[in-house]
Amino acid sequence: MDIAFHTASDLAKFKEEIISILYRKYEEEMKHFPFLNYMSKDKFQSYTDQHLAHTKIVLGMENERITGVLLYHTWDKCGEKHIDIPVYGYGACAEGEDKMIGKLFQYMAQNEAAEGTTNFSVHIYAHDFPARQLFSFMQFGTMSEICIRKAGADHEKSTPYRIQNLTKSQITENWSCIWALTKNIIDHLKESPVFYKGDEFTEETYRAFYLDESTTVYAAYDDSGEMIGIIESNGEENSFVCAGDKSVNVGEVYVLPEYRRSSLAQDLLFYAEKSVLEQGAAFMWVEHGTANPNARGFWNRYFDTYQYEMIRQVVW
């Protein structure tokens, strides 16, 4: 068996075999989501073609036949090297698949790991348990998961609290309340067991995000008119898993502690869902950190996970 780096031109030469291997992985995962109209093989190839301009390739070959594929991207940031394997970028022939993927990664990492710090990130299909175990044994930790939900039927409101979409002027007028609720999320992430410092989560960044035309902020109020919870949806689509159907991203859900266990967060989510349905979206998706038990407890109750991100940092 031969394992070696290949160029983009090699990808064209072996495209049919490569796409067949990668599509099989995709198709296996999508069988867990009967509510998704997943991509045909031709559409899958068109999607990957759009993302291969700067892709590096490692192929395993035996008797002139492709037995394993690993696609990845590299970049440098702040003096550190980053290597990312997309969720559609790994696969091997069914027999001994995890062993082959391990060999491909070992070959790539041996040649790509740089002096100083190298940050590896690999995106694994959620139901690919052998691959998740493989990278776990290679000292990767699970960082986040991406989940999907079909926006659908009407839901009965469980709480008496008023919920509404905020206009951009209302966001500006009520900024101190919105920022206070948002900052509670940021502060929570700094605590155990997450311990995420989150220096990038600045007030200026959030103000720009909430005021962006593609973002909608939804707020809940008690009887006195106090803002007691928020959630947002935004125009970032997930064209990979939604196969061209319109989707929106949701996040930043927070309710004050005294209103937890009242189903207010659920009401906020379902209110946002009704709004995105009116915008023509068929699906909602969310990415959240797996170290946060509150996030897992809420999002995983209403969304189905199709992808995990696993990371490892190597320092020489």
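This is a predicted model: local features need pLDDT of at least 70, side-chain atom pairs count only at pLDDT 80 or more; totals for chains, interfaces and linings use all residues.
User: Let's start with H10. What do its length and span look like?
Analyst: Helix H10 covers residues 264–278, which is 15 residues. At 1.5 Å a residue it should span 21 Å, and its end C-alpha atoms are 21 Å apart, so the two agree.

User: And is H10 mostly covered or mostly open?
Analyst: Mostly covered, with 11 of its 15 residues buried.

User: Which residues of H10 are buried?
Analyst: Among them are Leu264, Leu268, Leu269, Phe270 and Val276, and the list also includes Gln266, Asp267 and Glu273.

User: What happens just after H10?
Analyst: Gly280 takes a positive phi there, about 90°.

User: Switching topic: how do H7 and H8 pack?
Analyst: H7 (residues 175–189) and H8 (residues 203–211) pack at an angle of about 115°, and their axes are 11 Å apart. The crossing of H7 past H8 is right-handed.

User: Which residues meet there?
Analyst: From H7 you have Trp175, Ile178, Trp179, Thr182 and Ile186. On the H8 side they meet Glu203, Tyr206, Arg207 and Tyr210.

User: How does that contact divide into nonpolar, polar and charged?
Analyst: Six residues are nonpolar, one is polar and two are charged.

User: Last one, cysteines. How many disulfides?
Analyst: Zero in this structure.

Note on methods:
Residues are numbered from 1 along each chain as its sequence is written. Side-chain values use heavy atoms; hydrogens and water are left out. A disulfide is a pair of cysteine sulfur atoms within 2.5 Å. Helices (H or I, at least four residues) and strands (E, at least two) are DSSP runs, numbered from the N terminus. The expected span of a helix is 1.5 Å times one less than its number of residues. Buried means under 20% relative accessible area, exposed over 50%, partly exposed in between (1.4 Å probe, protein chains only). Axes are lines fitted to C-alpha atoms, for helices over the stretch in contact, and angles run from 0 to 180 degrees between N-to-C directions. A crossing is left-handed if the near helix is turned anticlockwise from the far one by less than a right angle, and right-handed if clockwise. Contact means heavy atoms within 4.5 Å. Ala, Val, Leu, Ile, Met, Phe, Trp, Tyr, Cys and Pro count as nonpolar, Asp, Glu, Lys and Arg as charged, and the others, Gly among them, as polar.
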